[in-house]
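Me: I am new to this structure and would like to learn how its features are read. Please take me through them one at a time, giving the general idea before the particular case.

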Amino acid sequence: MDASATTQPAAIRVEGLAKRYRAVVALDGLDLSVEQGAFYGLLGPNGAGKTTTVSVLATLARPDAGRVQVAGHDVVSEQAEVRRAIGIVFQEPSLDRELTAREHLDLQGRLYHLDDRRRRTGEALERVGLAADADRPVRGFSGGMKRRLEIARGLLHRPRVLFLDEPTLGLDVNARAGIWEQLRELHAAGGTTVFLTTHSMDEADALCERIGILDAGRLVAEGAPEALKSALGGDVVEIGFEQPDGCAAAELLARIEGVLSVTREPEAARLRITVRDGSRRLAALLEAVRPHVVSEVALHRPDLEHVFLHHTGHPFEPERLGGGG
Ligand SMILES: Nc1ncnc2c1ncn2[C@@H]1O[C@H](COP(=O)(O)OP(=O)(O)OP(=O)(O)O)[C@@H](O)[C@H]1O
Ligand SMILES: [Mg+2]
């Protein structure tokens, strides 16, 4: 039916990938496929297995089981070919404080035997907005500048697939916006497949054409962010109670017409209800919980947090439930 989708080989193909570190199961039978030129985001909480996935895809860790291909090459039997085809920006910063931006890129150019590394370095610095700072040592760079340099380095040899492991972790709002813009431009320029990991729902939503949601080493949902949200098929109503025992109303609510799912958050004394036509059914929902004292009611469209909750049954960042930012 959709023949065009199968004519181009995938940039990344993962089948049944498993990886453990002693007793810890980091990846538990992961399947995913990323089309060439796509902007793909792997979203997951701390410890979900994002870095492990990138490490295996980038040939830095060996899979225990499964088949993994990047740019058409097997990550185990064709390591060298994979390495030539990819660029990586690691979660942990990996710059030398004493080297300048230009020196970092020159070194990278030598590693990849690029004859035109001088020209490429100039272009790369220009592209990430570091031309004016090219000859300053990295120790004087801000977090955002360092990340931009790492991106420039990851791109210098014009990889077909660029891996970015949490590219905006620890950056302030401005620096984050700058990185987003760089990545959008890179992607708009075409050709490069971008595979990014993040534990920021906003980031995944803002940048990625498709996302995979990873939890405890398994992919629990995959698709375009909008599609994932609308697949929940309704609105979200959150009802907060004075006492946690309000959550006992969950069973009653689940029987109300139009209610698709009810998730209990007893620690927060709150129920989250996905419901068709939320505004029309709000009165019925409140009626059903009436014996319990309600302290808060909210009605909104689902966001990725709800998508995560819907597919895993637990919140993305439990510590956030207590309130605050
Ligand atoms: N080298 C290692 N030795 C032992 N356990 C490891 C190692 N690397 C990762 N793990 C474990 O594997 C699981 C997945 O870790 P991973 O670093 O892939 O998660 P992550 O999604 O990148 O998390 P974060 O958001 O914190 O970066 C975790 O339970 C982690 O403790
Ligand atoms: Mg990580």
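**Reading strands, domains and a ligand shell**

Me: How many bridges join S4 to strand S5 (residues 73-74)?

Reply: Two bridges join S4 to strand S5 (residues 73-74), and the two strands run antiparallel. Strands of a sheet pair through backbone hydrogen bonds, either parallel or antiparallel. Two strands are said to pair if DSSP finds at least two bridges between them, and the elements themselves are DSSP runs, with helices (H or I) of at least four residues and strands (E) of at least two, numbered from the N terminus. Please keep in mind that this is a predicted model, in which local features need pLDDT of at least 70 and side-chain atom pairs count only at pLDDT 80 or more, while totals for chains, interfaces and linings use all residues. Residues are numbered from 1 along each chain as its sequence is written, chains are lettered from A, and ligands are numbered from 1 in the order in which they are written.

Me: Which residue in S5 is the bridge partner of Val70, and how many residues lie between S4 and S5?

Reply: Val70 has His73 in S5 as its bridge partner. S4 and S5 make a hairpin with two residues between them, and Ala71 in that turn has a positive phi of about 50 degrees.

Me: What is the order of the open sheet that contains S4 and S5, and why is one side of S2 and of S5 left without a neighbour?

Reply: The order of the four strands is S2-S1-S4-S5, with antiparallel pairing. S2 and S5 stand at the edges with a single partner strand each, so one side of each has no neighbour in the sheet. Within this sheet, S1 and S2 pair over eight bridges, with Arg13 standing opposite Ser33 in S2, whereas strand S1 (residues 12-21) and strand S4 (residues 65-70) pair over five bridges, with Glu15 opposite Arg67 in S4.

Me: How many residues does each domain bring to the contact?

Reply: Domain bounds come from an automatic or database domain assignment, which here gives domain 1 (4-223) and domain 2 (229-322). The contact takes eight residues from domain 1 and nine residues from domain 2, where two residues are in contact if their C-beta atoms, placed from the backbone, lie within 7 Å. On the side of domain 1 that touches domain 2, helix H8 (201-207), strand S9 (210-215) and strand S10 (218-223) each supply at least two residues, and H8 has the largest share, with three residues.

Me: Which residues are closest to ligand 1?

Reply: A residue counts as near a molecule if its C-beta atom, placed from the backbone, lies within 6 Å of it. By that rule 13 residues surround ligand 1, the closest being Tyr21, Ala26, Lys50, Thr51 and Thr52. Strand S2 (24-34) and helix H2 (50-57) each supply at least two residues of this shell, and H2 gives the most, with three.

Me: What mean pLDDT does the protein chain have, and where does pLDDT stay under 50?

Reply: pLDDT is the predictor's confidence in each residue, from 0 to 100; its mean over the protein chain is 91, and 95% of the residues reach 70 or more. Where pLDDT is low, the predicted coordinates should not be read in detail. Here pLDDT stays under 50 over residues 320-325, for which the model has four contacts beyond four places in sequence.
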